[in-house]
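Work through the exercises below with the sequence and the coordinates open. Each task is followed by a solution in steps.

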Amino acid sequence: MARIGVFVCHCGTNISATVDVKKVAEIAKGFPGVKFTTDYRYMCSEPGQDLIQKMVKEHNLTRIVVAACSPSLHEKTFRTCTQNAGLNPYFFEMANIREQCSWVHDDREEATLKAIDIVKLAAAKVGKNNPLQTTFIPVEKRVLIIGGGISGIQAAIDVAFNGFETVIVEREPSIGGRMAMFDKTFPTLDCAACILTPKMVEVNQSDLIKLYTYSEVEEVSGYVGNFKVKIRRKARLVDENKCNGCGTCWQRCPVRLPSEFDMNLGKRKAIYVPFPQAVPNVPVIDQEHCLYINKKKCGICKKVCPFEAIDYEQKDEVIEEKFGAIIVATGFTMFDHSIYGEYGYGKYKNVTTGLHFERMLNSSGPTGGKIVRPSDGKEAKKVVFIQCVGSRDEARGMPYCSRLCCMYTAKQALLLKEHNPEAEAYVFYIDIRAAGKNYEEFVERVQDEYGATYLRGRVSKIFQRNGRLMVRGCDTLSGTQIEIDADLVVLATALIARPDAIKLAQMLHIPYDQNRLFTEAHPKLAPVETVTTGVFLTGACQSPKDIPDTVATASAASVKACGLLSHEKLPIDPQIARVDVEICSGCLACQEVCPFGAIEKEEIVDRVTQQKRWVAKIAPSLCNGCGACNTACRPGAIDLDGFTEEQIFGQIESLTADKGDER
Amino acid sequence: MVEQLRQKAKELLKNKEVEVIIGYQKSNNNSFTTPCFIESEDGVDRLTWDEHCVYNLSLYLKEVKGKVGVVAKGCDVKSIVALMQENQIERDRVKIIGLECQMQVDEKGQVLEKCRTCQVHIPGMYDELVRSKTSASKIESKESDKEYSVLEELEAKSTSERWQFWQRQFEKCIRCYACRQVCPLCYCSECITEKSVPQWIFPSPSLKGNTTWNIVRAFHLAGRCIDCGECERVCPVNIPLRRLNKKMEKEIQTMFNYVPGLDSKKKPPLVDFRVDDPQEFIR
């Protein structure tokens with residue numbers, strides 16, 4: 001017979017203010033099997049834990065109940081404490097009388113009665129607990145990084161610095177991401193390429209970092225320490241090992257197409273590298289537009305390549321690799337402003353976005369650093385910037401603030417004036433959010449030193465008159481209607497999740513929010529972790545982030561990943577499903593409902609009939625103990641260790657015992 | 001039709017395609033039929049087929065080992081499909097002799113309730129098919145477009161009236177488990193009602209235990225019951241079990257657009273998990 005000890009925590013006044021803890025402890029003395037009860041101010045404190053261990057020895061206790069906070073906070077603490085007292089760590093149950101009782105009630109009497117019931121349930125369960133043993137799984141000491149923008153690059157560098165191998169999977173032909181498109185960065189105005197390209201080169205030169213560009217993650221299976229990932233390496237039609245990036249092919253290619261990297265403001269060829277500093281410096285053939293692929297004509301690139309690197313027959317290749325941890329760094333995409341009628345439904349050529357403007361500012365960009373009107377290529381002198389396009393708009397856009405538009409708009413206004421001191425910059429804003437180191441000062445400088453005109457208000461309409469854009473808005477500070485004839489309008493469009501974010505989330509079993517942004521395990525205390533152990537988040541795939549924040553989360557995520565990999569083996573929770581093959585009917589409904597692919601079928605010889613038959617088998621390392629199989633099993637052949645049917649029945653019976661047999 | 005049936009059975013046995021054929025034979029002393037198991041060509045003359053062949057013979061498929069032929073009506077084939085979906089029988093082990101069925105009758109000569117709304121006079125899956133001279137589709141009954149008309153009376157009642165109705169029905173249950181034994185989909189070697197640690201269902205006949213038993217059985221059949229109606233037919237105390245199962249069938253069809261036993265490739269909705277499930281509710 002179990003000898004149960006019940007320890008009721010005051011949690012300062014968190015519990016004791018609403019629950020009569022002394023009464024709970026007193027009444028618990030009468031529960032079946034309970035040999036000792038007490039209350040204490042902070043059970044989780046060292047003296048509190050010492051008290052448990054002392055009482056185990058003194059009263060010869062074999063099971064422990066701590067009535068305190070949520071098990072998500074201190075279950076681990078008290079499991080270890082129970083173990084230190086010489087008992088199996090699973091001979092412990094936590095009764096949550098804080099989150100589920102004192103914090104949500106104010107009637108002291110009623111709350112105390114509820115707390116007594118909660119403790120009664122825990123005592124009934126703990127008496128039927130079985131001793132469980134933790135098992136261990138080995139760790140694959142490699143990290144997968146999905147996405148090769150600044151956040152993936154930084155994470156890879158940090159992981160490699162810790163001595164672990166890492167693989168970056170990037171869907172574009174080159175790493176670099178959005179940052180590679182920027183001109184200068186706020187608030188210090190260093191050139192984006194000057195600070196990014198050294199990191200790109202470092203990635204390329206590292207022996208510990210493997211690059212899979214023009215590749216995509218197709219399937220993820222397995223679990224922390226042992227993820228199995230299928231990666232599709234899309235056919236580049238160029239042999240990466242032979243090509244040295246001389247550029248002969250793309251110089252001679254006759255097909256000219258709009259360049260995605262230049263936001264369609266410039267041209268690229270059908271065989272191309274997206275930008276001169278691309279890593280790897282190996283071109284890719286655009287199969288949709290290549291003349292040879294489509295019409296079997298041309299073939300110039302193959303003829304001129306000095307290294308015979310062009311391979312029109314190359315096919316997509318799917319490879320499978322193993323990883324111990326995964327860092328998600330898939331970044332963002334821009335909100336499509338064409339839903340806004342007031343900004344011309346995306347029809348006016350001279351209404352562009354911040355990213356277009358960024359390419360124009362860039363001296364190696366499509367305009368050579370000249371600010372022009374896309375409609376006729378003439379210099380744009382009067383530029384209107386509009387902030388919060390798609391951000392902070394619950395009705396038509398995103399409910400959230402995109403966080404960096406205030407800053408990059410200020411930067412772009414400043415650079416406009418630097419490029420052409422004669423130019424005029426007008427900024428329509430709702431609020432200025434410049435909460436960062438030296439950010440507010442920067443915005444002040446743009447207005448005071450550079451003379452950008454800041455107008456607090458919305459733009460009600462943009463329309464064309466005599467070939468110019470008329471921007472009509474209001475200045476709510478002076479209370480006047482304003483009309484500006486502009487050469488160019490730059491919209492600060494919202495940063496949003498990528499369209500296929502959900503697909504990736506489902507592959508990785510990580511949750512996402514109503515805006516399809518990936519959700520961290522805890523917004524304050526686990527900001528780069530996800531609920532799937534071993535999967536970490538960095539950068540704008542989680543929420544809009546500027547470069548400093550992105551780099552910080554990248555380093556944070558890599559520390560977490562390296563922390564995992566520094567272990568030779570990882571413990572797995574023994575609270576998992578178990579099949580009684582004698583009862584199993586082999587219908588495998590459990591296999592169908594298992595979200596983790598943890599159930600396979602196994603052939604056994606029936607003990608009674610001596611015939612072969614199929615039964616379900618649990619893979620302990622894959623099982624998360626969710627209990628889905630448990631409920632799908634009709635004959636009740638599956639039980640969940642730590643939450644066995646007997647334990648649950650014990651709990652129900654403890655509450656209904658004095659109410660007669662209801663069966 | 002009987003001659004055709006015997007001929008096909010004979011061929012299957014002769015060509016060693018099956019070792020045994022499960023079919024119907026005339027009962028010794030009345031017009032009814034009983035199941036029979038024929039292992040040699042000489043035995044095929046015992047096979048019969050008429051409106052009294054009501055049993056669902058798929059019940060025996062799991063028990064009979066080796067290659068087996070089975071005589072099956074449209075409704076019986078639905079349970080064979082369900083058994084295949086649930087890994088209980090392998091398709092290549094079973095030869096189905098499908099019968100074009102019209103309307104089967106009970107011992108009083110009344111057309112069975114399920115036959116009046118039947119949609120599968122010709123089985124959905126078979127290896128051999130024995131056609132009827134009069135096409136079944138021509139004898140469509142008026143009620144056939146009202147699949148769930150049998151539920152109307154109960155659905156019109158209030159929740160408490162319905163509860164009282166079923167309480168009166170379950171009160172009669174003597175826990176003989178005939179419903180379970182005759183059900184082709186109640187194939188578990190150990191039933192949940194026999195589990196003693198912990199005891200889910202109180203074993204002796206009592207209203208509470210009977211209620212639990214009958215409701216648990218209906219739940220276990222939800223999205224699986226193919227409406228052969230055998231449970232209701234064999235119930236010695238006449239509990240209208242078909243109404244219970246039919247209601248579950250209707251719920252599943254309304255919610256998931258799924259009818260059990262029609263497509264062996266489809267997954268029953270209650271045992272399905274999809275990665276692309278939006279899971280809006282656990283965000």
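## Exercise 1: the fold of chain B

Solution. Helices (H or I, at least four residues) and strands (E, at least two) are DSSP runs, numbered from the N terminus. The count for chain B is nine helices and five strands.

Conventions: this is a predicted model, in which local features need pLDDT of at least 70 and side-chain atom pairs count only at pLDDT 80 or more, while totals for chains, interfaces and linings use all residues. Residues are numbered from 1 along each chain as its sequence is written, and chains are lettered from A and ligands numbered from 1 in the order in which they are written.

## Exercise 2: the dimensions of chain B

Task: compare the radius of gyration of chain B with that of a compact globule.

Solution. Start with the extent: the C-alpha trace of chain B spans about 55 × 50 × 40 Å along its principal axes. The radius of gyration is taken over C-alpha atoms, and the globule rule is 2.2 Å times the number of residues to the power 0.38. For 283 residues a compact globule would have a value near 19 Å; chain B has 20 Å, which agrees.

Next, burial: 36% of the 283 residues in chain B are buried. A residue is buried if 20 or more other C-beta atoms lie within 10 Å of its own, exposed if 12 or fewer, and partly exposed in between, with C-beta atoms placed from the backbone.

## Exercise 3: two helix pairs in chain A

Task: describe how α6(A) packs on α15(A), and how α1(A) packs on α5(A).

Solution. Chain A has 18 helices and 34 strands. Helix α6 (residues 150-161) of chain A packs against helix α15 (residues 547-565) of chain A at an angle of about 40°, with the axes 8 Å apart. Therefore α6(A) is oblique to α15(A). Axes are lines fitted to C-alpha atoms, for helices over the stretch in contact, and angles run from 0 to 180 degrees between N-to-C directions. Angles under 35 degrees count as roughly parallel, over 145 as roughly antiparallel, 65 to 115 as roughly perpendicular and the rest as oblique. The crossing of α6(A) and α15(A) is right-handed, meaning that the near helix is turned clockwise from the far one by less than a right angle.

For the second pair, helix α1 (residues 21-28) of chain A and helix α5 (residues 108-126) of chain A also meet at about 40°, with axes 9 Å apart. That makes α1(A) oblique to α5(A), and the crossing is right-handed. From α1(A), K23(A), V24(A), I27(A) and A28(A) meet residues of α5(A), including A115(A), I116(A) and V119(A).

## Exercise 4: the setting of G331(A)

Task: is G331(A) buried or exposed?

Solution. G331(A) lies in the loop between β18 (325-328) and β19 (333-334) of chain A. Because G331(A) has 24 C-beta neighbours inside 10 Å, it counts as buried. Beyond neighbours within four places in sequence, its contacts include G147(A), S151(A), R178(A) and C541(A); two residues are in contact if their C-beta atoms, placed from the backbone, lie within 7 Å.

## Exercise 5: where the chains touch

Task: how many residues does each chain give to the contact?

Solution. Chain A gives 23 residues and chain B gives 25 residues. On the side of chain A, α16 (589-593) and α18 (645-656) are the elements that give two or more residues.
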